[in-house]
Amino acid sequence: MAMTTGRDFPTAGNYQEALQHPRLCFTDVDLQKSEPELTRLRQPRAISGAFASVFPLTHTVTGHKYAVKCFTRHIPDQQSRYSAISDRLATLKDLSQPWKVGFEYLPDAVLVGADRYPVLKMEWVRGVTLSRWLDSHHDDRHLVDRLADRFVEMVADLTAHGIAHGDLQHGNILVADDGTLRLLDYDGMFVPALAGSGGTERGHRNYQSPIRGNGDFDADIDRFSAWLIYLALKAVAVDPGLWKNLHEPDGEYLLLRDEDFEHPTTSSRFPLLLSHANPQVRDLADVVRTLAFQPLAAVPALTGAATTANTTATTPRPMATGRLPSWISSHLDPAAAESLPRAASGAALRYHGRRVIDGLAVVILAITLVIPLMCALFGVAFVLGLIPIAAAAIGTWAARRSRAETAALRKQLLDLSIRRRAAADVVNATAAIQRDRAQLDLSEQQRQQQLGEQRDSSKIQHDRDIAQTEQNKNTVCNDVDRSLAALAQDRQRKLDEALAAERWAFVRAELARHRVSDASIAGIGISLTTSLADRGIRTAADLRGVRFTANPAGYNSQKAWLQLTIGGEVNVHGIGEKKAKELMKWRDGLAARATARCPIRVPTRRREIAEEFDRKHRQLAVKKQQALDTADTQRSQARQRLEGRQRDLTERARVAAAAAATAREDLARRMVGIQNAPAELARIDRDIAEARRYGRALSHTRYVRFALTGR
């Protein structure tokens, strides 16, 4: 069976079909002996999520219940991630409550179709989800408040050990029968050993900070979710009616959802919390409103101390009546500033320190006032006398305008007007930030997708390199193995031939010692012996065999052709079929006895054959070993190339994630400014009103009086 490592994983329906036969589909012994919980349609019950389906199974012998998580999506480095998480959780001791759930990652554990896939074998936890528990117990204030404290204790456990769950939400938090909490679904969990590896999910949208991106994966990713859940628990503990007012039946949230903390000014739920009669609810709601747009690293951890601390931002307070504003005092000389009253009324601000130009302006003004009278006395047109007065008025206006007090007032009103326009343009600014955030999220999503594709491409190329290496190695090794097999056969053949030649030489020498003339062969006398000798057959060694043919003369059934050892064959007159057979019987009997007496020894030829074939065998063995060594080297080089590409991709991902985090922090700062815009707008309006009030104390009339009297 092959394990599938690509992106195509079975659906929940595929797993349902497979789990109908646990003994066939599972490799784990416990799961083979377990039966799945069935629906009314007699199908295995599936609790489906975004990337996996969980099936409850019960052991048929022990009754032990398991939760088997079957994955419907490929998760990179899944086995190593679960191994790191399991190792870290195994070290946790002295926890506030038994919130961690035991699990075992089983690769190639379930057979679906022709392929095997991994599963997560988990303990079955008795309990209900947090939202279901609140459905039943929200009226019990003491119980809900105690659960809020236990939630803080559980989050403190995670924080103390540098762990983040990654998807804190109502569906992953179970309330056990004893009121303690259990934490489920460790797919996106962060442990220190996974630092720099990148996350696999962003968590439930109704529980995550608006600025959390795909690349955020560290010990801080739970902080906003923890504050949001804690707000819901504490608010319900204070006012149980909030559960019915703000929570929808079967809603995928507790009191607030993503649209509420992303747009608190337009939310229909948030105002009920922000304006609640209980100060604790108001303060916590304001904390969540503020933290929603803070960088995750800037969000304080949810601990017992943090929940009671004053984490809300300080609202700018109006300036105390009669206190000199900094925009005025910074434009006065120290002596003049010190001479001003600090706690009087608005009239405390006035002109100080007359200049020469102030006195000159008043003298000119006084002189010009006399001109119309002179014109009237001497009959000159009155209108001509008004011209110097207008010029003098302009002069005093210019002199007043040049005063530090009026210059500072103008600058302040201009700055306040600009700031007010910026603060009032919240809608456009929010839309711009949302567009930038959407673009950032899209870029991050595309980057993550490209990163996954590049990692997959690197792995595919690595697999191709390994496959090619294996093919090359197998080709050489198979050729060598065939050559070795053929060599062994050839060696045996030549050894057999050498042994046969050795035996024949011995047998022939023995046969040569037996003359035909000395033998007693039936029917063969001296005459036939002489005839045989004349035709070259003197000893048994001269005869190799006999061949019979039809006798053309017809007086005998067969004509005998005696085959000579030196080659050729002869027909000896008088040697017919019967006598030829007797002759061969004599010869073959001698050969059989000689063969039986042949000594077994290793002649020089046999040693030469053995040495020749041993040399060829060594050459082929060296060739095969070279192919194996080459394959090892190529595999090592392919692994180094893969690791190098993965390191390069990881570094590029780290740099991109850091840049994205910086961009998110900038967006968060901008959004925080927008969230504070109403308060900022009110403060600016107060400053404008105060500046205008001070402007009345610096009017033109007051300036003329100051220039005349010094007061």
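In this predicted model, D490 is partly exposed, with a relative accessible area of 23%. D490 forms a salt bridge with R493, and their closest N and O atoms sit 2.3 Å apart. R493 is partly exposed too, at a relative accessible area of 39%.

D465 pairs with R641, with 3.2 Å between the closest N and O atoms. Here D465 belongs to helix 18 (residues 426-512) and R641 to helix 21 (residues 604-675), so the bridge ties together parts that are 176 residues apart in sequence. D465 is buried, with a relative accessible area of 18%, whereas R641 is partly exposed at 38%.

D28 and K121 make another such pair, again with the closest N and O atoms 3.2 Å apart. This one links distant parts of the chain, 93 residues apart: D28 is in the loop between helix 2 (22-25) and helix 3 (29-32), while K121 is in strand 7 (residues 115-123). D28 is buried, with a relative accessible area of 14%, and K121 is buried as well, at 9%. A search of the whole structure turns up 37 salt bridges. There is also a salt-bridge network, which links E248, E259, D260 and R269.

Now for the nonpolar parts. The largest nonpolar core holds 94 residues, and L89, V110, L130, F151, I229 and L273 have the most contacts inside it. Helix 7 (residues 223-238) is the biggest giver, supplying 12 residues to this core. A second, separate core has 25 residues, among them L532, L564, V570 and M584.

L532 turns up again in helix 19 (residues 526-534), where the buried residues are L528, T529 and L532. Looking down the axis of helix 19, these buried residues fall within an arc of 105°, so they line one face of the helix. On the other side of helix 19, I526, S527 and D534 are exposed. Strand 12 (558-564) and helix 20 (577-597) are included in what covers the buried residues. Just after helix 19 comes G536, with a positive phi of about 100°.

Finally, there is an open sheet of three strands, in the order 8-9-10, with antiparallel pairing. Strand 8 (128-129) and strand 10 (181-183) are the edges, each pairing on one side only. Strands 8 and 9 pair over two bridges, and T129 has L174 in strand 9 as its bridge partner.

Notes. Residues are numbered from 1 along each chain as its sequence is written. This is a predicted model: local features need pLDDT of at least 70, side-chain atom pairs count only at pLDDT 80 or more; totals for chains, interfaces and linings use all residues. Side-chain values use heavy atoms; hydrogens and water are left out. Two strands pair if DSSP finds at least two bridges between them. Helices (H or I, at least four residues) and strands (E, at least two) are DSSP runs, numbered from the N terminus. A nonpolar core is a set of buried Ala, Val, Leu, Ile, Met, Phe, Trp, Tyr and Cys residues joined through side-chain atoms within 4.5 Å. Buried means under 20% relative accessible area, exposed over 50%, partly exposed in between (1.4 Å probe, protein chains only). The arc is that of the directions from the helix axis to the C-beta atoms. Contact means heavy atoms within 4.5 Å. A salt bridge is a side-chain nitrogen of Lys or Arg within 4 Å of a carboxyl oxygen of Asp or Glu.
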